[in-house]
Amino acid sequence: MICAFASAICYGTASVFQAVAARAAEPGTGGGVDVALLWRAVRQWRYLAGLCLDGLGFVLQVVALRTLPIYVVGAALAASLAVTAVVASRVLRVRLSRVEWAAVAVVCAGLAMLALASGREGHRAGPEALDWALLAVAFGILLLGAAAGRLPDRPRALALGLGAGFGFGVVEVAVRLIDGIDLTDPTLYALLAGGGAAFLLLTSALQRGSVTTATAGMVLGETIGPAAVGVAWLGDTTRAGLGWLAVTGFAVAVAGSLTLARFGEAPDPDPDREADPGPPAGAV
């Protein structure tokens, strides 16, 4: 559980750096997914710092997924938005409302419930078609991103966020299924394709449209699907008699994270710039 919490801290802090870098990058001319945007963003030190934190978070996530049920790790990763909110309030001087501070407390309470109720990770391999299904989903995410470019702003942001969440969900399930490096294993390619597609869609979502909507979609995409796969096919369980507490904790943690979804969006890249005061009083 410590690794899951530490992974959430890394991901949550990285989001602050990456959101600022994505918004500061020179905008492209296309809609939906801008492949060149990732290259423009990665040339900024903030985005590189975020990637380093993401790398450390991924290592910790792998350790957590090898010892905990997917639904616990997924809820912890969604709770990284609480970390993002706290970091943004301190580093970027973003003010949290009472409701948002309450949401941070709710997320922590939900994770505490999960920690008490979670059992051991399952050891089933799942159906044979699961490996290929993951690979198909990973490439389907890229098609989803391409189709999102034809949508209006709000549904486009939601589609990009859901796509990114599905990609991160593919990574979560793939980590559980991979047993060593096998270049003929479709799960390995599903992990690479799913992770790459998720980063691409998330970077585009951070720059275009309502990133609050996109982040909410990402939270839903990366938690519910993988948790269902873990329980249905991989043998994830709860402690005897505490299934209700695990379900409640999962729902509470995700709901609290959705309340904090606006912290997926960066503030103005120039925080020192003052708002336009408008014309002086009495001006015609």
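This is a predicted model: local features need pLDDT of at least 70, side-chain atom pairs count only at pLDDT 80 or more; totals for chains, interfaces and linings use all residues.
Author: Leu111 and Leu260 are the residues that touch the most other members of the largest nonpolar core, which has 52 residues. Helix α4, residues 70-78, gives the most to this core, with eight residues. Apart from it lies another core, of 14 residues, including Leu160, Ala198, Leu201 and Met218.

Reader: Why is Ala103 called buried?

Author: Ala103 has a relative accessibility of 6%, and the cut-off for buried is under 20%, so Ala103 counts as buried. The residue is found in helix α6, residues 98-117, and, leaving aside neighbours within four places in sequence, Ala103 is in contact with Gly256, Thr259 and Leu260. Ala103 and Leu260 are 157 residues apart in sequence, while their C-alpha atoms are 7.0 Å apart in space.

Reader: How do you know that the span of helix α5 agrees with its number of residues?

Author: Helix α5, residues 80-91, has twelve residues, which at 1.5 Å a residue should span 16 Å; the expected span takes 1.5 Å times one less than the number of residues. The end C-alpha atoms of α5 are 16 Å apart, and therefore the two values agree. Just after α5, Arg93 takes a positive phi of about 55°.

Reader: What makes α5 largely enclosed by the rest of the structure?

Author: Nine of the twelve residues of α5 are buried, and so the helix is largely enclosed by the rest of the structure. The buried residues are Ser80, Leu81, Ala82, Val83, Thr84, Ala85, Val87, Ala88 and Ser89.

Reader: Why is Ser80 counted as buried?

Author: The relative accessible area of Ser80 is 9%, which is set against a limit of under 20%, and Ser80 is therefore buried.

Reader: What makes Leu192 buried or exposed?

Author: Leu192, in helix α9, residues 186-207, has a relative accessibility of 53%; exposed requires over 50%, so Leu192 counts as exposed. In soluble globular proteins, nonpolar side chains tend to be buried together.

Definitions and conventions:
Residues are numbered from 1 along each chain as its sequence is written. Side-chain values use heavy atoms; hydrogens and water are left out. A nonpolar core is a set of buried Ala, Val, Leu, Ile, Met, Phe, Trp, Tyr and Cys residues joined through side-chain atoms within 4.5 Å. Buried means under 20% relative accessible area, exposed over 50%, partly exposed in between (1.4 Å probe, protein chains only). Helices (H or I, at least four residues) and strands (E, at least two) are DSSP runs, numbered from the N terminus. Contact means heavy atoms within 4.5 Å.
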